[in-house]
Amino acid sequence: MCASGAVTRSTLRQQIADALRDEVLAGRLQPGREFTVKQIAEQYGVSATPVREALFDLSAQGLLESDQHRGFRVHEFTVDDYRSMVEARALVIDGVIRGFFRGPAPSAAQVVTYRDGLVPVRRRAQEAARAARGGDLDILIGYDLRFWRELGALMSNSYINDFLHRLRVQAWVFAVPYLRHDAGARDWLWHGHPELVAALTLGDHDAVRAVIDDFNAHALSWADRLAAGNSGQPDQGLQPTGRPSTGEFSAGEPSAGRSSTGQAGSTGPAGPA
């Protein structure tokens with residue numbers, strides 16, 4: 001009975017964390033928004049313990065800030081924070097790429113595993129690129145997170161993936177309010193996912209570097225645009241719903257944040273992030 005109860009509580013804790021992360025990624029919980037454990041517990045109809053644990057988990061991921069007297073607040077990232085995310089990501093990915101192409105030659109079994117692993121990644125790349133070209137931000141975030149996470153699992157270790165995944169989620173959290181407000185957001189949604197998969201499939205180091213360099217340059221260019229005030233201010237009109245963006249504690253097709261958990265990390269947002 002105790003073991004079963006522990007599993008249930010742990011699962012509920014993760015479900016609440018996933019649901020709240022969806023709300024933040026979708027822009028329904030705005031940066032600076034304050035709330036308490038009691039409010040969230042009442043909204044989801046659960047006890048305070050798993051909610052408190054979920055909120056501390058999200059705080060550890062840098063998405064929330066905790067205050068002993070006021071509860072929790074959605075972290076507000078700055079343009080400088082975003083630039084630092086991009087720069088940190090670039091440094092780590094550079095090392096991953098060098099290790100991938102210059103490391104020991106893989107065995108035949110490893111080659112087969114890698115090629116088989118690229119099949120679902122390629123599908124994810126196509127969906128992400130289609131969503132970016134269509135300007136469908138909610139769909140893009142879900143597929144983008146899955147794309148980079150699954151690709152990272154093929155190329156790196158779990159510790160690096162976890163770090164890069166955290167950066168990716170934080171970057172999307174920063175980007176979403178601006179993109180919701182920007183009429184020209186479609187022009188800033190990076191869609192080079194299929195080109196990266198094609199380069200990796202061929203084992204073309206130079207082509208991989210070119211795509212990643214374009215990805216990072218795209219992100220930094222968008223940051224410069226924000227700093228210059230050319231995209232307006234983040235949209236403050238959205239309000240939290242108190243419900244997960246993909247249905248209460250349910251999975252489905254990727255949407256903002258739903259696919260951001262449960263697996264290894266990734267490399268950093270498509271689109272400007």
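User: How do the residues of the lining of the second largest cavity divide into nonpolar, polar and charged?

Analyst: Sorting by class comes first (Ala, Val, Leu, Ile, Met, Phe, Trp, Tyr, Cys and Pro are nonpolar, Asp, Glu, Lys and Arg charged, and the others, Gly among them, polar). In this structure the lining of the second largest cavity has six nonpolar, two polar and no charged residues, and it is formed by Val24, Gly27, Leu29, Gln30, Pro31, Val74, Val173 and Pro177. Please keep in mind that this is a predicted model, where local features need pLDDT of at least 70 and side-chain atom pairs pLDDT 80 or more, while totals for chains, interfaces and linings use all residues. Residues are numbered from 1 along each chain as its sequence is written, and side-chain values use heavy atoms, with hydrogens and water left out.

User: Which residues are the closest to the centre of the largest pocket, and which element gives the most to its lining?

Analyst: The largest pocket has a volume of about 520 Å³, and of the 20 residues lining it, Phe100, Pro106, Gln110, Val111 and Tyr114 are the closest to its centre. Two or more lining residues come from each of H4, H5 (108–134), H6 (137–155) and H8 (193–202), these helices being DSSP runs (H or I, at least four residues) numbered from the N terminus. H5 gives the most, with seven residues, and by class the lining has twelve nonpolar, six polar and two charged residues.

User: At what angle do H4 and H7 pack?

Analyst: Axes are lines fitted to C-alpha atoms over the stretch in contact, and angles between N-to-C directions run from 0 to 180 degrees. H4 (residues 79–102) and H7 (residues 158–181) pack at about 150°, with axes 10 Å apart, which means that H4 is roughly antiparallel to H7 (under 35 degrees is roughly parallel, over 145 roughly antiparallel, 65 to 115 roughly perpendicular, the rest oblique). Their contact (heavy atoms within 4.5 Å) includes Val79, Tyr82 and Arg89 of H4 and Phe163, Leu167 and Gln170 of H7, and its residues divide into 13 nonpolar, one polar and one charged.

User: How do the axes of H6 and H8 cross?

Analyst: The axes of H6 and H8 cross at roughly 15° and come within 12 Å, so H6 is roughly parallel to H8. The contact is made by Asp144, Phe147, Trp148, Leu151 and Met155 of H6, together with His193, Leu196, Val197 and Leu200 of H8, and the classes are seven nonpolar, one polar and one charged.

User: Which residues make the contact of H8 with H9?

Analyst: H8 packs with H9 (residues 205–227) at about 160°, with axes 8 Å apart, and H8 is therefore roughly antiparallel to H9. On the H8 side the contact is made by Glu195, Leu196, Ala199 and Leu200, and on the H9 side by Ala207, Val208, Val211 and Ile212. By class, this contact has seven nonpolar, no polar and one charged residues.

Note on methods
On a 1 Å grid over the protein atoms alone, a cavity is a set of points where a 1.4 Å probe fits but cannot get out, and a pocket is an open set with protein on both sides within 12 Å along at least five of seven lines; lining residues have an atom within 4 Å of a point. Grid points are joined across faces, edges and corners, and a volume is the space filled by probe spheres set on the points.
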